[in-house]
Amino acid sequence: RANHQYDLYAPDQLQHHVINHLTGQEMDEKRNVMVESARIARGKIRPLTELDVAAYDGLVLPGGFGAAKNLSDYAFAGAAIKVLADVEAVLKKMHALHKPIGAMCISPVILARVFGKVNLTIGRDATTAGHLEQLGAIHHRTEKAEVTVDEANKLVTAPCYMTNIRLSYVAAGAEEMIAAMLTLM
């Protein structure tokens, strides 16, 4: 919507598990993270291992179960989170080049694990905020479409679905995150 170019990347690996989102039950099948991401991206996606961070002005981490179960193991480990090695490497390279990183919904926990003492938000969920703080991050409680900007580290976080709000606020928060990232660029 901001009328900028972007490319999509995903890990080429199996998902932790497949969930039937109608029932909430685990399904007896295997799916590949990149293949599922390609379904959402309409096929225009590349393996995360091919990402050249020097070619981009910023990076955005999506949220949701993909971030909590495939980009990391946060959904299972909580504050003992481990981040997928390829994801961590990309984030550290982006940060070393002083390029902005945006993280939506639950994905700020990934930034907390990788960078430690940074300013982030996941909205107002006390349990997750506590995990961020255990990882060394400073959590800023936000409402609706508010974002948190850590100018020193060039991080912008938006709570999105972590605040249990209407879809219009999720979209507004994502747009606010992108606007803040563009300012940091």
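Student: Which residues of the largest nonpolar core touch the most other members, and what makes it a nonpolar core?

Tutor: In this predicted model, L91, I110 and L111 touch the most other members of a core of 34 residues. The name applies because a nonpolar core is a set of buried Ala, Val, Leu, Ile, Met, Phe, Trp, Tyr and Cys residues joined through side-chain atoms within 4.5 Å, where buried means under 20% relative accessible area, exposed over 50% and partly exposed in between, with a 1.4 Å probe and protein chains only. Among the elements that each supply at least two residues are β5, α4 and β6, while α5 gives the largest share, 6 residues.

Student: What does L91 touch?

Tutor: Leaving aside residues up to four places away in sequence, L91 touches L59, L61, I101, I110, L111, V114 and F115, contact being heavy atoms within 4.5 Å.

Student: Why are β6 and β10 called paired?

Tutor: Two strands pair if DSSP finds at least two bridges between them, and β6 and β10 (residues 155–158) have 4, in the parallel sense, so they qualify. Strands are DSSP runs of E of at least two residues, and helices runs of H or I of at least four, numbered from the N terminus. In β10, L155 is the bridge partner of I101.

Student: Which residues show that both faces of β6 are covered?

Tutor: I101 and A103 on one side, and G102 and M104 on the other, are all buried.

Student: How are the residues numbered, and which values count?

Tutor: Numbering starts from 1 along each chain as its sequence is written. Local features need pLDDT of at least 70 and side-chain atom pairs 80 or more, whereas totals for chains, interfaces and linings use all residues, and side-chain values use heavy atoms, without hydrogens and water.
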